Amino acid sequence: MLRLFVALALPASLRAEIAGLAGGIPGARWVPPENYHLTLRFIGEIEPWRAQEVDDALAAIRARPFTLRLAGVGTFEKAGRIQSLWVGAERNDALTHLQTKVETALQRVGLAPERKRFSPHVTLARTDRAAPEKLMAFVQAYNLFRATPVEVEHFTLFSSRLGKEASVYTPEVDYDLVARVAA
Ligand code: 2AM
């Protein structure tokens, strides 16, 4: 079985910019900067033959390159606990459009629909063991954060292996976004 997800890889310059925010919260488990990414669709464990179908479906997607600007920070909560701290993205129709295309392509090859609404983010830290006051202070301190915009020219199928400290993400296939899309 392979554990897969579809995401935007981030250029090193942007990863360095985001890494500048990390730190200073006892108990937070910070994501290593080489692992930063923006997930378009989590797939989970699938059989290799199905992964081949997923690859074919993703390769058939036609979408244009676009400019992405990460901005703001926020949290995800579960059962009253703050689970993670993330950097968000500015509203971006091209990103939403690409995510919809990925979702549609994956449903066409038989994956169950993603029930969670797409909420573009780059996870900075897992925070279930950190003090809520510290997390809220972090969000207030960095709410106006705006990263330098970057050009997104491809999206990527990643595999994930769960490690002791952090997961190991490997880019398996890049899918180019092309400026000219046939009508
Ligand atoms: P997260 O960063 O908000 O946790 C690889 O695990 C990527 O897939 C992460 O970006 C993770 O989002 C996302 N993801 C979405 N649903 C997931 C799930 N059920 N289990 C693990 N990762 C998931």
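Strands (E, at least two residues) and helices (H or I, at least four) are DSSP runs, numbered from the N terminus, and two strands pair if DSSP finds at least two bridges between them. What you see here is a predicted model: local features need pLDDT of at least 70, side-chain atom pairs count only at pLDDT 80 or more, and totals for chains, interfaces and linings use all residues. Residues are numbered from 1 along each chain as its sequence is written, and side-chain values use heavy atoms, with hydrogens and water left out.

**View 1. Four strands make an open sheet.** Read across, the order is S2-S7-S6-S5, with antiparallel pairing. Strands S2 (29-30) and S5 (70-78) sit at the edges, each pairing on one side only.

**View 2. S2 meets S7 (residues 121-126).** Two bridges join this antiparallel pair. Look for Arg29: its bridge partner in S7 is Arg126.

**View 3. Helix H4 (residues 132-142) lies across S2, S5, S6 (81-89) and S7.** Leu135, Phe138 and Val139 of H4 are buried (under 20% relative accessible area; exposed is over 50%, partly exposed in between; 1.4 Å probe, protein chains only). Turned away from that buried side are the exposed Glu133, Gln140 and Ala141.

**View 4. Leu135 in helix H4.** Leu135 counts as buried because its relative accessibility is 0%. Leaving aside neighbours within four places in sequence, Leu135 is in contact (heavy atoms within 4.5 Å) with Ile25, Ile82, Leu85, Thr127 and Ala130. Ile25 is 110 residues away along the chain, yet the two C-alpha atoms are separated by 7.3 Å.

Technical notes. Axes fitted to C-alpha atoms, helices over the stretch in contact; angles between N-to-C directions.
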